[in-house]
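This report describes a protein model through its sheet, its aromatic pair and several individual residues. The sequence and the structure are shown first.

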Amino acid sequence: MAAIGSFSLLRNCAVTTRAFSNVRVSPRATSSFNSIKFLNPHHSQRSLFCTNAIHDEEASAKAAAASADSGAPTIFDKIIAKEIPSSIVYEDEKVLAFRDINPQAPVHVLVIPKARDGLTTLGKAEARHGEVLGQLLYAARIVAEKEGILDGFRVVINNGPGACQSVYHLHLHVLGGRQMKWPPG
């Protein structure tokens, strides 16, 4: 469970990175945070640690990739088996959708296939996976309707360490409930 908490902390920090464009450091700055002036009073001192957190998130994604094909159960396998509790939004015989424990939008739901069947990343999809890939997208639409965001939502798939994929069990992020920006990341 500590690994989940650390990952959540890293993702929270990544969201506040833009605060660095609003920081002014006194010419007489010391190692004290008191010499730092925030141009926007809503930013906090924790924003200062985000560059390291982003690097750590990238390092964590690379570490996760190293064991991606080990066949070991992922956290999602444990959620499917009901060994780890989750807030289920939608479920059928092939797909499970549940709320993300570290939401990046007012609505943030993960949609996963119940059987991994070699689908650790979208990059490993084969023609035989066509049906389940379609079911995942259709489930994303059902989730959007259930959550009241059918008029505006985003579906994201992180593929590999370069996209900071942290769980090697194919999953879709359904995000909505706020205005999405472009480009995304």
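## Sheet architecture

Two strands are taken to pair if DSSP finds at least two bridges between them. The model discussed here is predicted. On that criterion, five strands make up an open sheet, arranged in the order β3-β4-β5-β7-β6 with antiparallel pairing. Its edges are formed by β3 and β6, each of which pairs on one side only. From one strand to the next, the twist averages 20°.

Helix α4 packs on this sheet and touches β3, β4, β5, β6 and β7. The direction of α4 makes an angle of about 155° with that of β5.

## Strand pairings around β4

Strand β3, residues 88-91, is joined to strand β4, residues 95-99, by three bridges in the antiparallel sense. The two strands form a hairpin, with three residues between them. Within this pairing, Glu91 has Leu96 of β4 as its bridge partner.

Strand β4 also pairs with β5, which spans residues 107-113. Here the strands run antiparallel and are connected by five bridges.

## The aromatic pair

How many aromatic pairs does a search of the whole structure find? The search returns one. Its members are Phe76 and Phe98, whose ring centres are 5.7 Å apart and whose planes meet at 70°. An angle over 60 degrees counts as edge-to-face, so the pair of Phe76 and Phe98 belongs to that class.

Phe76 is part of helix α3, residues 75-80, while Phe98 belongs to strand β4; the pair therefore ties together parts that are 22 residues apart in sequence. Phe76 is buried because its relative accessibility is 5%, and Phe98 is buried because its value is 3%.

His171 is located in the loop between β6 and β7, the latter covering residues 172-176. An unreviewed UniProt entry lists His171 under "active site"; such annotations may be inferred rather than shown by experiment. With a relative accessibility of 6%, His171 counts as buried.

Which residues are in contact with His171, leaving aside neighbours within four places in sequence? They are Phe76, Leu110, Val111, Ile112, Val156, Ile157 and Gln165.

## Leu150 in the α4-β6 loop

Leu150 is situated in the loop that runs between α4 (130-146) and β6 (153-156). Its relative accessible area is 37%, so Leu150 is partly exposed.

Not counting residues up to four places away in sequence, Leu150 touches Arg141, Ala144 and Glu145. Leu150 is also 8.8 Å from Gly176, C-alpha to C-alpha, although the two are 26 residues apart in sequence.

## Backbone features

Which residues have a positive phi although they are not glycine? Lys82 is one of them, with a phi of about 65°. This residue lies in the loop between α3 and β3, and Lys82 counts as partly exposed because its relative accessibility is 48%. Cys164 likewise has a positive phi, of about 60°, without being a glycine. Cys164 is placed in the loop between β6 and β7, the loop that also contains His171.

A cis peptide bond is present between Trp182 and Pro183, with omega about 0°. Pro183 belongs to the segment after β7.

Technical notes. Residues are numbered from 1 along each chain as its sequence is written. This is a predicted model: local features need pLDDT of at least 70, side-chain atom pairs count only at pLDDT 80 or more; totals for chains, interfaces and linings use all residues. Side-chain values use heavy atoms; hydrogens and water are left out. Helices (H or I, at least four residues) and strands (E, at least two) are DSSP runs, numbered from the N terminus. Buried means under 20% relative accessible area, exposed over 50%, partly exposed in between (1.4 Å probe, protein chains only). Contact means heavy atoms within 4.5 Å. Rings of Phe, Tyr and Trp (its six-membered ring) pair if their centres lie within 6.5 Å; planes under 30 degrees apart count as stacked, over 60 as edge-to-face and the rest as tilted. Axes are lines fitted to C-alpha atoms, for helices over the stretch in contact, and angles run from 0 to 180 degrees between N-to-C directions.
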